[in-house]
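Try each task before reading its solution.

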Amino acid sequence: MGLYDTYLATRHRLHDAEPPAHVALVLTERDLLADGAFDTLSSAIGWAFEYGAERVTVSVSVLDGAVAPTLIRELRRLDVPAETVVRGPDADVPGEGGSDLGGDSAAGDTDAPVRILVGLGGKAEFAGAVRELANDVAAGEITPDAIDEADVSERLLFPEEPDLVIKTGAERLSDFAIWQSVYAELYFTDVNWRDFRRREYLRAVLDFQDRQRRFGR
């Protein structure tokens with residue numbers, strides 16, 4: 001770790017505020033086509049846990065659905081320090097875009113500390129939750145007047161809300177977790193994913209620690 005990185009890490013360690021417990025990284029398929037992109041992702045997930053995170057969510061937006069299976073295969077090979085689940089566009093086809101777990105987790109466990117979504121945009125996820133609610137209303141399992149925020153959240157793929165969302169190289173979120181990130185702190189880096197290093201991650205964490213969170217108030 002270089003001198004500047006050490007300086008940032010020391011500032012983080014001595015900061016009065018807590019670091020983000022749940023960090024989300026928003027990527028595109030283009031980010032992962034660069035040389036070393038998957039190694040960078042492995043490192044970034046490791047930095048998150050090193051600097052206080054308890055959960056990491058990675059969202060990869062995909063324009064060309066044909067590349068999703070290849071991305072998923074590579075993402076399942078990541079060397080990360082925690083159990084991982086990867087979800088793709090077709091959750092019913094394990095091994096070809098469905099759910100899969102790294103490490104020694106039991107298949108089907110979506111509560112792993114590292115969750116990776118490939119080609120599953122926030123709009124589609126929210127629409128799926130609405131469809132499930134509509135089916136439950138039609139089946140008489142719930143009445144429209146009884147539906148609340150919790151009913152929507154529990155029907156999402158990963159309902160937990162991130163504290164910090166990091167997007168590299170652009171000031172837009174690529175349809176990421178519309179419902180879950182409403183109160184998250186957003187951080188957009190000056191560098192693209194291929195240049196994302198420990199210092200960029202630490203800058204994001206320090207920015208989070210410097211903010212006064214208002215949760216929409």
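**Exercise 1.** Find what the buried residues of H1 pack against.

Solution. In this predicted model, the buried residues of H1 pack against H6. Next, name them: Asp5, Leu8, Ala9 and His12. They lie on the same side of H1, because they cover an arc of only 100° around the axis. An α-helix has 3.6 residues a turn, so residues three or four places apart point the same way. Now turn to the face away from the buried side: Leu3 and Leu14 are exposed there.

**Exercise 2.** Check the span of helix H2 (residues 37-50) against its 14 residues.

**Exercise 3.** Say which elements cover the buried residues of H2.

Solution. First list buried residues of H2: among them are Phe38, Leu41, Ile45 and Trp47. Then look at the cover. It includes strands S1 (22-28), S2 (55-61) and S5 (114-118), along with helices H3 (68-75) and H6 (198-210).

**Exercise 4.** Decide whether Asp195 is buried, partly exposed or exposed.

Solution. Locate Asp195 in the loop between strand S7 (185-188) and H6. Its relative accessible area is 37%. Buried means under 20% and exposed means over 50%. Asp195 is therefore partly exposed. Finally, compare Asp195 with Ala37: they are 158 residues apart in sequence and 9.3 Å apart in space, C-alpha to C-alpha.

Key. Residues numbered from 1 in each chain as written. Predicted model: local features only at pLDDT ≥ 70, side-chain atom pairs only at ≥ 80, totals over all residues. Heavy atoms only, no water. Helix = DSSP H or I, 4+ residues; strand = E, 2+ residues; numbered from the N terminus. Expected span 1.5 Å × (residues − 1). Buried < 20%, exposed > 50% of the residue type's maximum accessible area, 1.4 Å probe, protein only. Contact = heavy atoms within 4.5 Å. Arc of directions from axis to C-beta.
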